Amino acid sequence: MTDSYVCIDLETTGLNPKRDKIIEIGAVRVEDNRITVEWQSFVNPERKLEERIVELTGIRDEQLVDAPKIGQILPAFLAFAKEEVLLGHGVLFDFSFIKKASVNERMTFERKGIDTLKIARKYLQELKSRNLGYLCQYYEIPHNAHRALEDVRATVALYGKLSEHFYDKESQEGDKSLFVPKPLCYQAKRDTPLTIPQKEQLYKLVDKHKLIIDYEIESLTRSEASRKIDQLLAEYGR
């Protein structure tokens, strides 16, 4: 059984790594089934948080304004994670956001992973939910939901429970076992920055219509800038 790994969890502005941003990273290194080191950081997403994200996570804009941007914090996280197997509850979600950020920063991020959600879906089908919060209630694991480091600690404890109950049965699957680390696959394409004409047009529209915007124009990608321009033109005209 894999007893040494890095468990990760992210809080984000949404569910799509192509357009949403990381706002918090939590991770722990586990050696011989024991948490040995913890790592956490807020991340400035360079945009205002939607109210639903504030309500879900409890994270507010003022907590992020002085936080490092993803390009500043990513090298420290990659150094912490090293080449270790990743563990997560729905680990591909977290991997995809880190992979996307890494590609944008011209860094490499390829890992194998173990997904506690997949294990729970296979062996706990009788439960009404297999989300992390419900499983923590089921196994009586202390859990403060929707904060990265709290979710990570809970996932490590959940992995211990799932291993205790299902590892022997699952090990009969050999290499197909859900407890065997598998390559995590997500195709990420590097974003290109907005063009000078896009930047000029956005500043002109914002100034002309006296708009208060909740994002930094300079931080937009070309595709994001295109969407913003289309939205402003549709709502306010030229």
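Two rings of Phe, Tyr or Trp count as a pair if their centres lie within 6.5 Å. This is a predicted model, and ring pairs in it link Y5, Y159, Y167 and F179 into a cluster.

Q: How many aromatic pairs are there by this rule?
A: The count comes to nine.

Q: Why is the pair of Y138 and Y139 called edge-to-face?
A: The ring centres of Y138 and Y139 are 4.9 Å apart and the planes stand at 80°. Planes over 60 degrees apart count as edge-to-face, so the Y138 and Y139 pair gets that name.

Q: What makes Y138 partly exposed, and what makes Y139 buried?
A: Buried means under 20% relative accessible area and exposed means over 50%, with partly exposed in between. Y138 has a relative accessible area of 40%, so Y138 is partly exposed. Y139 has 11% relative accessibility and therefore counts as buried.

Q: Why is the pair of Y159 and F179 called tilted?
A: The ring centres of Y159 and F179 lie 6.0 Å apart, with the planes at 40°. Stacked pairs need planes under 30 degrees apart and edge-to-face pairs need over 60, and the rest are tilted. The angle of 40° therefore makes this pair tilted.

Q: What parts of the chain does the pair of Y159 and F179 link?
A: Y159 is in helix α7 (residues 148-170), while F179 is in the loop between α7 and β6 (182-183). These are distant parts of the chain, with the two residues 20 residues apart.

Q: How do you know whether Y159 and F179 are buried or exposed?
A: The cut-off for buried is under 20%. Y159 has a relative accessible area of 1%, so Y159 is buried. F179, at 2% relative accessibility, therefore counts as buried.

Q: Where does the charged end of R29 sit?
A: The charged end of R29 sits over the ring of F80, 4.5 Å from the ring centre. The distance cut-off for a charge over a ring is within 6 Å, and the charge must also lie within 35 degrees of the ring normal.

Q: What makes E46 and K69 a salt bridge?
A: A side-chain nitrogen of Lys or Arg has to be within 4 Å of a carboxyl oxygen of Asp or Glu. The closest N and O atoms of E46 and K69 are 3.3 Å apart, and the two residues form a salt bridge. The structure holds 14 salt bridges.

Q: Why does the pair of E46 and K69 tie together separate parts of the sequence?
A: E46 lies in the loop between β3 (34-42) and α1 (51-57), and K69 lies in the loop between α2 (61-64) and α3 (70-81), so the joined parts are 23 residues apart in sequence. K69 has 34% relative accessibility and counts as partly exposed.

Q: How many residues apart in sequence are the parts tied together by R47 and E224?
A: R47 and E224 form a salt bridge, with the closest N and O atoms 3.3 Å apart. R47 lies in the loop between β3 and α1 and E224 in helix α9 (residues 222-236), so the parts tied together are 177 residues apart in sequence. R47 counts as partly exposed at 24%, whereas E224 counts as buried at 6%.

Q: Why are R153 and E150 separated by about one helical turn?
A: Both R153 and E150 are in helix α7 and they are three residues apart, so about one helical turn separates them. Their side chains meet in a salt bridge, 3.2 Å from N to O. R153 is partly exposed at 32%, and E150 counts as partly exposed at 27%.

Q: Which residues do salt bridges with shared partners join into one network?
A: They are K21, R47 and E224.

Q: What describes the packing of two helices, and what are the values for α8 and α9?
A: Two packed helices are described by the angle between their axes and the distance between the axes. Helix α8 (residues 196-208) and α9 pack at an angle of about 35°, with axes 10 Å apart. Their crossing is left-handed.

Note on methods:
Residues are numbered from 1 along each chain as its sequence is written. This is a predicted model: local features need pLDDT of at least 70, side-chain atom pairs count only at pLDDT 80 or more; totals for chains, interfaces and linings use all residues. Side-chain values use heavy atoms; hydrogens and water are left out. Buried means under 20% relative accessible area, exposed over 50%, partly exposed in between (1.4 Å probe, protein chains only). Helices (H or I, at least four residues) and strands (E, at least two) are DSSP runs, numbered from the N terminus. Axes are lines fitted to C-alpha atoms, for helices over the stretch in contact, and angles run from 0 to 180 degrees between N-to-C directions. A crossing is left-handed if the near helix is turned anticlockwise from the far one by less than a right angle, and right-handed if clockwise.
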